[in-house]
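Let's take a friendly walk through this protein chain, with the structure open beside the text.

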Amino acid sequence: MAISTFDTLLQKIETRAARAGVIGLGYVGLPLAIAVARSGFAVTGFDIDPGKMVALEARRSYIDAVSNEALAAEIEAGRFQATTDFAGLAACDVIIICVPTPLTKHRDPDLSFVEATSRSIAAHLRPGQLVVLESTTYPGTTDDIVKVILEGTGLKSGADFFVGFSPEREDPGNQHYHTATIPKVVAGDGAEALALMKAFYGAAVSTVVPVSSNATAEAVKLTENIFRSVNIALVNELKTVYAAMGIDVWEVIDAAKTKPFGYMPFYPGPGLGGHCIPIDPFYLTWKSREYELPTRFIELAGEINSAMPRYVVGKLAEALDIRAGKALSRSRVLVLGLAYKKNVADIRESPSLRLIEIIEERGGRADYHDPFVAEIPPTREYQALKGRKSVALTPEDVAGYDAVLVATDHDRVDYAALAKSASLIVDTRNVFNRLGLSADHVIKA
């Protein structure tokens with residue numbers, strides 16, 4: 001009896017004879033590629049950015065989650081290589097798509113990267129391959145877009161090749177979990193595809209969580225991020241309400257979280273950053289229109305979170321007026337922290353960029369300091385800020401600003417020295433209170 005494509009591929013996976021291809025070597029793709037290589041598979045990474053190839057050839061990682069040593073170890077062991085030549089996809093038995101899924105200006109899904117990548121795979125598709133989408137998207141994308149493009153070759157999913165979805169769960173800067181220890185949700189187009197997904201990811205990560213369909217797995221990822229978006233929006237709204245009442249929202253949260261059941265703490269901030277929370281919920285709101293169902297809760301949360309940068313700048317202007325007798329339009333402001341979260345260099349969707357933009361729209365001058373981000377790289381929405389460099393944080397430099405706006409509470413900052421040298425501090429992260437550095441010139445926002 002002839003051995004089926006499923007049996008052949010499953011045997012390759014189980015014996016680590018399969019070669020994996022990871023398309024998109026960014027915050028998701030590179031850590032995944034190294035984790036898969038560590039588990040014993042040969043891995044080829046694909047990316048269109050030649051700059052990444054230069055860095056990887058030099059054994060230099062540009063992602064915090066992957067150390068230079070870990071990268072070099074897999075390259076020197078012959079388990080990892082990278083290329084811009086997508087013809088190498090033909091030699092891969094498992095192909096994983098880790099490309100961006102941004103929004104358009106009208107908050108509609110932009111699946112152009114997923115579609116283009118699927119067409120690149122289709123050009124080299126052969127029987128006996130497993131194609132996996134990890135990019136966050138709305139339910140139905142894997143089956144309705146990726147699978148359809150691949151089947152345009154004449155090959156059939158479930159017979160000639162296999163399709164699956166497994167949502168990425170990367171958390172930049174997390175010191176407790178990494179790619180191999182975060183439970184992995186997996187799904188496939190049919191029982192055999194699911195079996196292949198379980199075998200492949202089970203070899204690379206500690207825990208695999210199978211679900212019934214690709215659409216279900218896609219919904220899992222959206223649900224995780226919608227949960228966070230809605231709860232952050234709630235505390236952001238509570239912050240504005242309690243501030244008007246003279247109540248400190250951080251004190252309220254710290255007291256509330258002592259309840260051992262029925263409560264989980266979320267904290268307010270200057271807005272949402274990172275790829276996931278500001279973007280992913282809108283993939284579901286867009287898809288829901290097809291079913292004529294409103295998503296008022298999700299959209300309201302997005303509106304509240306999107307309004308936070310302007311609210312914070314309003315508090316900054318008010319503090320300058322009351323405390324310094326100076327208009328924002330005549331003030332120099334130092335934004336502390338460009339990254340969207342502490343102790344990382346990731347500026348994707350960072351509210352700090354929007355804060356700088358709003359301050360300068362109102363006539364002020366804004367500089368920034370970030371120990372992790374030496375220079376603002378090119379971004380799609382803030383092209384005018386490209387090339388600006390992080391300024392020094394010496395007492396003399398700080399004293400030259402009318403206010404310091406704390407947007408990201410990196411640990412590599414001497415907050416005690418900052419409190420002494422700054423004339424006015426607007427703190428969106430409650431870092432000064434947490435460190436016992438509360439003072440009259442430190443205003444929470």
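How many residue pairs are in polar contact between domain 1 and domain 2? There are eight, with both partners at pLDDT 80 or more. Keep in mind as you read that this is a predicted model.

## Two domains and their interface

The domain assignment divides the protein chain into domain 1, covering 5-212, and domain 2, covering 239-444. Where they meet, 18 residues of domain 1 are in contact with 20 residues of domain 2. The area buried between domain 1 and domain 2 is about 1800 Å², and carbon and sulfur atoms give 56% of that area.

Elsewhere on your tour, you can pick out the salt bridge of Asp110 with Arg380, where the closest N and O atoms are 3.9 Å apart.

## Helices that are covered

Start with helix α2, residues 29-38: nine of its ten residues are buried, so the helix is largely enclosed by the rest of the structure. The buried ones are Gly29, Leu30, Pro31, Leu32, Ala33, Ile34, Ala35, Val36 and Ala37. Just after α2 comes Gly40, with a positive phi of about 115 degrees.

Helix α10 (residues 281-288) is mostly covered too, six of its eight residues being buried. Those six are Pro281, Phe282, Tyr283, Thr285, Lys287 and Ser288, and the buried residues of α10 pack against α8 (214-245) and α11. In α12, the buried residues are Pro351, Ser352, Leu353, Leu355, Ile356, Ile358 and Ile359. Their cover includes α11, β9, β10 (365-369) and β11 (403-406). Gly363 follows α12 and has a positive phi, near 95 degrees.

Is Thr141 buried or exposed? Thr141 counts as buried because its relative accessibility is 0%. This residue is found in helix α6, residues 141-151. Setting aside residues up to four places away in sequence, Thr141 touches Leu111, Leu133, Val146 and Glu218.

Asn305 belongs to helix α11, residues 296-324, and is buried, with a relative accessible area of 4%. Apart from neighbours within four places in sequence, Asn305 is in contact with Ser229, Ile232, Ala233, Asn236, Gly271 and Leu272.

## Salt bridges across the structure

How many salt bridges does a search of the whole structure find? The search finds 29. One of them joins Glu74 and Arg79, with the closest N and O atoms 2.7 Å apart. Glu74 is buried at 4% relative accessibility, whereas Arg79 is partly exposed at 29%.

Another pair is Asp409 and Arg434, whose closest N and O atoms are 2.8 Å apart. This pair links distant parts of the chain, 25 residues apart: Asp409 sits in the loop between β11 and α14 (415-421), and Arg434 in helix α15 (residues 431-434). Asp409 is buried, with a relative accessible area of 9%, while Arg434 is partly exposed at 46%.

There is also a network of salt bridges linking Arg332, Glu360, Arg365, Asp367 and Arg388. Within it, the side chains of Glu360 and Arg365 meet at 3.6 Å, N to O. Glu360 is partly exposed at 25% relative accessible area, and Arg365 is partly exposed at 39%.

## Backbone spots to check

Which residues have a positive phi although they are not glycines? Arg59 is one of them, at about 60 degrees, and Asn343 is another, at about 65 degrees. Arg59 is in the loop between α3 (50-57) and α4 (68-76), and is partly exposed, with a relative accessible area of 32%. Asn343 lies in the loop between β9 (332-336) and α12 (351-361), and counts as partly exposed at 27% relative accessibility.

Methods
Residues numbered from 1 in each chain as written. Predicted model: local features only at pLDDT ≥ 70, side-chain atom pairs only at ≥ 80, totals over all residues. Heavy atoms only, no water. Buried < 20%, exposed > 50% of the residue type's maximum accessible area, 1.4 Å probe, protein only. Helix = DSSP H or I, 4+ residues; strand = E, 2+ residues; numbered from the N terminus. Domains from an automatic or database assignment. Contact = heavy atoms within 4.5 Å. Buried area = accessible area lost by both parts, 1.4 Å probe. Salt bridge = Lys/Arg side-chain N within 4 Å of Asp/Glu carboxyl O. Polar contact = N/O pair within 3.5 Å; in protein donor to acceptor, adjacent residues only side chain to side chain.
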